[in-house]
Amino acid sequence: MTVTRTHPPRSGLAPAFAAAAGLAAAMGVGRFVYTPLLPIMVDAHQISTHDGAVIATANYAGYLLGAILLTRWPELNSRNTFHISAALLIISEVLMAVPAPTLFPATLRLIAGVTSAVVFVACAGVAARPGSSRDAAGIAFGGIGFGIALTGILVLVVRPFLGWQSMWLVSAVLTAVLLAPALRLDIQPGRRAGKATIRSRAAWRALLVAYFLEGVGYIVIGTFLVAAVSDQRGPVVGSAIWVVVGVAAVPATVLWGVAARRWAPAIAMPIALVAQCVSAVLPAVSTAVWPAVLSAALFGATFLGIVMLAMRIGGELSDGGAAAPLTAVYGAGQMLGPLVVAPVIGDSYPAAFVIAALVLAAATIAAGVVTRLIRRT
């Protein structure tokens, strides 16, 4: 008697690994390389910390714009759009090496935000396509953490030899290398979603509030943690901290997926938010190395997991169309986060993390309301 193996062949995971490479390029490097390079540009007197917040906000605004465009016109999610966006993302990183007034790098980061959203939607769509391996989504989203870790390692390795301009050029090369496998992905245009039916409007509204506040709070940590640690402990430690974030993020979605299956997403999300709130508190109350390491680990282990859990809860509350409004409120929160703390970061990074912790505490309360309301239905 012949026994047929039911697990997918190794080649069946090839699109997931290609999508992981694309997400590593667009999100881990193209979007988040700015975090370890920010303190280097400040030290070189290329920008001020306030300018850094404005430039970061432009990137997050671009990501929001890209997400809205693809939601409004899903047919734009095509192979041609993907290839054009990949090229523009690389070019925007190359041009970041040009010294210029704040408006120029802000415009470039706006372009990087739009294009990274396009690449994100395309790669995530391939991984989530019906018929994909059950491991595909975990592999693909793990690429984001891998890309973040690469940016930290990149800065650690090349900083003794290269200045901020050369590091932007190296980042562009790294983005191009990572994007290469993704260029062959079978990207299919999306379809316009109909109006969703919401099962519990109170729970839905609470989820939108929680996810918006998460966008505000998490992005403060993601933008300024390395700069704060570098300011207190030097650039080498700051770059190493970013590597910790990336390494912790690689398995995060898989682990939170297990937690969601065991406890339900609505229970797991407040737990993840509490852990992220602690990650904001630690650099606010201590400048020692180990609290910073723990903060980085908690942040890396939660920010992607919260995205996945929020989408799962939204799917449970709605019969369709949850991803678009959730992405919109999250993107709006990301855009506002750096602007909210911009008035204080010139004098005190800890004050910015205190603000982030308070916002994340409010997000935890809102998520707890979601849990309570879902249990009642």
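Helix α11 (residues 265-285) and helix α12 (residues 289-317) have axes that come within 8 Å and cross at roughly 150°, where axes are lines fitted to C-alpha atoms, for helices over the stretch in contact, and angles run from 0 to 180 degrees between N-to-C directions. The model is a predicted one, in which local features need pLDDT of at least 70 and side-chain atom pairs count only at pLDDT 80 or more, while totals for chains, interfaces and linings use all residues. Residues are numbered from 1 along each chain as its sequence is written, and side-chain values use heavy atoms, with hydrogens and water left out. Helices (H or I, at least four residues) are DSSP runs numbered from the N terminus.

**Helix pairs**

- The helices α11 and α12 are therefore roughly antiparallel to each other, a term that applies to angles over 145 degrees.
- The crossing of α11 and α12 is left-handed, meaning that the near helix is turned anticlockwise from the far one by less than a right angle.
- By class, the contact of α11 with α12 has 19 nonpolar, four polar and two charged residues; Ala, Val, Leu, Ile, Met, Phe, Trp, Tyr, Cys and Pro count as nonpolar, Asp, Glu, Lys and Arg as charged, and the others, Gly among them, as polar.
- The axes of helix α8 (residues 201-233) and helix α14 (residues 349-376) also come within 8 Å, crossing at roughly 155°, and α8 and α14 are therefore roughly antiparallel to each other.
- The crossing of α8 and α14 is left-handed, and by class the contact of α8 with α14 has 29 nonpolar, one polar and two charged residues.

**Nonpolar core**

- The largest nonpolar core has 116 residues, and those with the most contacts inside it are W168, L207, F224 and M269; such a core is a set of buried Ala, Val, Leu, Ile, Met, Phe, Trp, Tyr and Cys residues joined through side-chain atoms within 4.5 Å.
- The largest share of this core, 19 residues, comes from α8.
- Leaving aside neighbours within four places in sequence, M269 is in contact with L207, A210, I306, L309, A310 and I313, contact meaning heavy atoms within 4.5 Å.

- S239 lies in helix α9 (residues 235-249) and counts as buried at 3% relative accessibility, the cut-off for buried being under 20% relative accessible area, with a 1.4 Å probe and protein chains only.
- Residues up to four places away in sequence not being counted, S239 touches G152, V155, L156 and V226.
- V155 is found in helix α6 (residues 136-158) and is buried, with a relative accessible area of 1%.
- Apart from residues up to four places away in sequence, V155 touches P36, L37, I40, M167 and S239.
- Between V155 and S171 there are 16 residues of separation in sequence and 9.4 Å in space, C-alpha to C-alpha.

**Positive phi in loops**

- Most residues other than glycine have a negative phi.
- H45, a residue other than glycine, has a positive phi near 60°, and its place is in the loop between α2 (34-43) and α3 (49-72).
- At 72% relative accessibility, H45 counts as exposed, a class that requires over 50%.
- A264 is not a glycine either, yet has a positive phi of about 95°, and A264 is found in the loop between α10 (252-263) and α11.
- A264 counts as partly exposed at 32% relative accessibility, the class in between buried and exposed.

Notes
Helix = DSSP H or I, 4+ residues; strand = E, 2+ residues; numbered from the N terminus. Parallel < 35°, antiparallel > 145°, perpendicular 65-115°, else oblique.
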